[in-house]
Amino acid sequence: MVDAVQYGLKSQGILLTTLKRLRNFSLTSSNKLLNSIVNSTTLYGAGIWGLEHIEQLEKVQQCFYKKLLNLPLNTPTYFVRMVTSSTYIQLEVVKANLSFLKRILHSHPNTLFRKAYTKQLLLVQINGNTNHNWLTLTKYTFDKVELTEIWGNISVSVLAKTRAQLQKRLIQILEDADVAAMIKSLTTNP
């Protein structure tokens, strides 16, 4: 994971240098370049490992925008997201995670891939809280958006039916957190 963040920061530095040389760039084109170059580097394989490292991944995106727009490093993340209309990194990681889960569920039951998943699922059910386990973190995502009941009988068809609902609920939770942070910053005495 540290490597992914480092690669993301390196590609970000190259992109920022190029954009600053141009001097005349739009935020829309910067967003597209961030998504195609920096995020693709940083989020490679994040469907497996990313749920545990959301904060570090978010910092890569935030750092890019703060440097691009010459904002102070202590600029709140909600403000940067509001100004840039950037996506939530957590949402991108969850999408990748659900795609990985779908791929596993779609695989033949006798493949090593599917057998490993079945064993890991059994361990999660027996041990409950197993830290640093992508499957446990995936289950926590379902819990976070109040879709726990679906987790018990997850399948390709169930995942297909609930994926949009899960993403929509996650976006709402993340937007609510941004609004709460904004209100808190406005009402806190300096």
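1. In this predicted model, aspartate 178 has a relative accessible area of 15%, and because the cut-off for a buried residue is under 20%, aspartate 178 counts as buried. The residue belongs to helix 10, the element that covers residues 156–187.

2. What does the side chain of aspartate 178 meet in a polar contact? The partner is the side chain of arginine 81, and the contact that joins the two is 2.9 Å. When residues up to four places away in sequence are set aside, aspartate 178 touches Arg81 together with Tyr78 and Tyr88.

3. Turning to the aromatic side chains, a search of the whole structure returns four aromatic pairs. One of them is formed by phenylalanine 64 and tyrosine 65, whose rings are 5.4 Å apart from centre to centre, with 70° between the planes, an edge-to-face arrangement. Phenylalanine 64 and tyrosine 65 are both buried.

4. The rings of phenylalanine 142 and tryptophan 151 have centres 5.2 Å apart, and since their planes stand at 55°, the pair is classed as tilted; an angle over 60 degrees would be needed for edge-to-face, and one under 30 degrees for stacked. Phenylalanine 142 is buried, as is tryptophan 151.

5. At the level of secondary structure, the chain contains ten helices and zero strands, so that, read from the N terminus, the order of elements is α-α-α-α-α-α-α-α-α-α, under the DSSP assignment of helices and strands. Along the principal axes, the C-alpha atoms occupy a box of roughly 55 × 40 × 30 Å.

6. The chain has 190 residues, of which 39% are buried.

7. The charged side chains number 22 positive and 11 negative, and the centres of the two sets are 8 Å apart.

Notes
Residues numbered from 1 in each chain as written. Predicted model: local features only at pLDDT ≥ 70, side-chain atom pairs only at ≥ 80, totals over all residues. Heavy atoms only, no water. Phe/Tyr/Trp six-rings, centres within 6.5 Å; stacked < 30°, edge-to-face > 60°. Buried < 20%, exposed > 50% of the residue type's maximum accessible area, 1.4 Å probe, protein only. Helix = DSSP H or I, 4+ residues; strand = E, 2+ residues; numbered from the N terminus. Lys, Arg positive; Asp, Glu negative; His and termini not counted. Charge placed at Lys NZ, Arg CZ, Asp CG, Glu CD. Polar contact = N/O pair within 3.5 Å; in protein donor to acceptor, adjacent residues only side chain to side chain. Contact = heavy atoms within 4.5 Å.
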